[in-house]
Amino acid sequence: MVMVFYGSNGKSNPVSMENKVEHQTENQITYDIYLPSDLGMLYKVRLGLQSLENNISQLPLHHFKIQNISTLDTFSLTINKTLPLSTNGDRWIEFPIQWPLKEALSVVTYHLTVFSRNILNERNLVHMTVCIYGTHGDTGDRSLLQSLQNVQQEEKNESFLVMVDAVDLGELEKILLSISSKTDCKLHVKKLHVQEAAKEHPIYVFEVNEEFSVNANKPKIQREIPRSFVIRGEKQKNDIDNNLNKEGSKVKNLTEYTIKVYTGDKRGAGTDANVHIILFGNEDKSEVFQLAQSLEHQNPFERGKVDTFKIKTKNVGSLHSIEIGHDGKGFASGWFLEKVEITDAARNSMHCFDCNRSVDQSIIPLYMLFSF
């Protein structure tokens, strides 16, 4: 059993209850826990099972009491729940701490809707978790595929609902999505919607629009997804739905580009920074694409390596230049870029952009054009 404590100044690391038993009777266990003094005023506790790998049957919890041994301030709560929760398989529960003369937050059930293309077909082999962050803290990692609700499947699109109980998170800000698998597979996640179960609005929208290449022998994939926008009323929702329908009619006009990035073979050539690219054509320019998911390597842009990326965007016409650069983050952010090759599937042509220099944020003109 593990606990995480949230205070006005931050949260504690997970505190394992193993080897912390001070007193034990037939129906009661008392633990002595030492928390960092800089947590501030405690306002919530997350309590749960660290792992289900040992096929633990059930852990019934009836009552919780916490006392500050210095001030003797005491909080107690009747829980009467069993972990993992039978309703959705969640192995965590959260509850607010209400101190004397201090108003406590409430527990909220959040509806998290996942829109995807092929996750349901892989759900027995894939492990997915989300951690939802708000102005009042986070939910910790919660499983997405334990027990799904309101599952809808069409030819190419699907959606499913997951319920998460947590102490009120306030305004939602971002989601950390983690994916691992027992076998190699590709998962396409379109977007995530989060709203309180008791309210129709607001709906927090987190756009993903990414196909994840999951490798069973490599570490789990993690993506931090910032909030895209918030739907605060029915009229706004209808406007967004209409716009999505219009955009959907344009999907067939998207062009796929294959991007090969060649990192130089010299000392310090690689980078750990986040690399982006923009395509410029004679008709339009693309949006900004983050080059994060290499088809060859878990860690892209290493010395002497070639990384391939596939993107889909509107047809920009005949390419004449690109912008490629990075944000300078990471332990080793310097990067020596040799060249970039881009294959335009619609025109069946390849464009080569020569660089041979260190990159910060550069516009590189067209060097050579090959037609097949």
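These exercises work through the fold, cores, ring pairs, salt bridges and backbone of the structure above.

The model is predicted, so local features need pLDDT of at least 70 and side-chain atom pairs count only at pLDDT 80 or more, while totals for chains, interfaces and linings use all residues. Residues are numbered from 1 along each chain as its sequence is written, and side-chain values use heavy atoms, with hydrogens and water left out.

**Exercise 1. Describe the protein as a whole.**

Solution. 
- Step 1: take the secondary structure. The protein has two helices and 29 strands. Helices (H or I, at least four residues) and strands (E, at least two) are DSSP runs, numbered from the N terminus.
- Step 2: take burial. Of the 372 residues, 42% count as buried. Buried means under 20% relative accessible area, exposed over 50%, and partly exposed in between (1.4 Å probe, protein chains only).
- Step 3: take the contacts. Among contacts with a separation of 6 or more, 66% come from residues 24 or more positions apart. A contact means heavy atoms within 4.5 Å.
- Step 4: take the surface. The accessible surface comes to about 20,900 Å², and 46% of it belongs to carbon and sulfur atoms. Accessible areas come from the Shrake-Rupley method with a 1.4 Å probe; for residues, only the protein chains shown count as cover.

**Exercise 2. Locate the nonpolar cores.**

Solution. 
- Step 1: A nonpolar core is a set of buried Ala, Val, Leu, Ile, Met, Phe, Trp, Tyr and Cys residues joined through side-chain atoms within 4.5 Å. In soluble globular proteins, nonpolar side chains tend to be buried together.
- Step 2: find the largest core. It has 35 residues, and Met 128, Leu 144 and Leu 192 have the most contacts inside it.
- Step 3: list its sources. Elements that give two or more residues to this core include strand S10 (107-116), helix H1 (119-122), strand S11 (126-134) and strand S17 (185-196).
- Step 4: inspect one member. Beyond its neighbours within four places in sequence, Leu 144 is in contact with residues including Leu 112, Met 128, Phe 160 and Leu 177.

**Exercise 3. Classify the ring interactions.**

Solution. 
- Step 1: count the pairs. The structure holds four aromatic pairs. Rings of Phe, Tyr and Trp (its six-membered ring) pair if their centres lie within 6.5 Å; planes under 30 degrees apart count as stacked, over 60 as edge-to-face and the rest as tilted.
- Step 2: classify one pair. The ring centres of Phe 301 and Phe 309 are 5.7 Å apart and their planes are at 25°, so this pair is stacked. Both Phe 301 and Phe 309 are buried.
- Step 3: Ring pairs link Phe 301, Phe 309 and Trp 335 into a cluster.
- Step 4: look for charges over rings. This needs NZ of Lys or CZ of Arg within 6 Å of the ring centre and within 35 degrees of the ring normal. Lys 191 lies over the face of Phe 115, at 4.9 Å from the ring centre. Lys 266 lies over the face of Phe 336, at 4.1 Å.

**Exercise 4. Trace the salt bridges.**

Solution. 
- Step 1: count them. There are 14 salt bridges, each a side-chain nitrogen of Lys or Arg within 4 Å of a carboxyl oxygen of Asp or Glu.
- Step 2: take Arg 46 and Asp 138. Their side chains meet at 3.2 Å, N to O. The pair links distant parts of the chain: Arg 46 is in strand S6 (residues 42-48) and Asp 138 in strand S12 (residues 137-138), 92 residues apart. Both Arg 46 and Asp 138 are buried.
- Step 3: take Glu 210 and Arg 223. Their closest N and O atoms are 3.1 Å apart. Glu 210 lies in strand S18 (residues 203-214) and Arg 223 in strand S19 (residues 221-226), so the bridge ties together parts 13 residues apart in sequence. Both Glu 210 and Arg 223 are buried.
- Step 4: join the partners. Shared partners connect Lys 11, Lys 44, Arg 46, Asp 90, Glu 94, Asp 138 and Arg 142 into one network.

**Exercise 5. Pick out the backbone features.**

Solution. 
- Step 1: check the peptide bonds. The bond from His 201 to Pro 202 is cis, with omega near 5°. Pro 202 lies in the loop between S17 and S18.
- Step 2: check phi. Leu 72 has a positive phi, near 65°. Leu 72 sits in the loop between strand S7 (59-67) and strand S8 (74-83). Leu 72 is exposed, because its relative accessible area is 56%.
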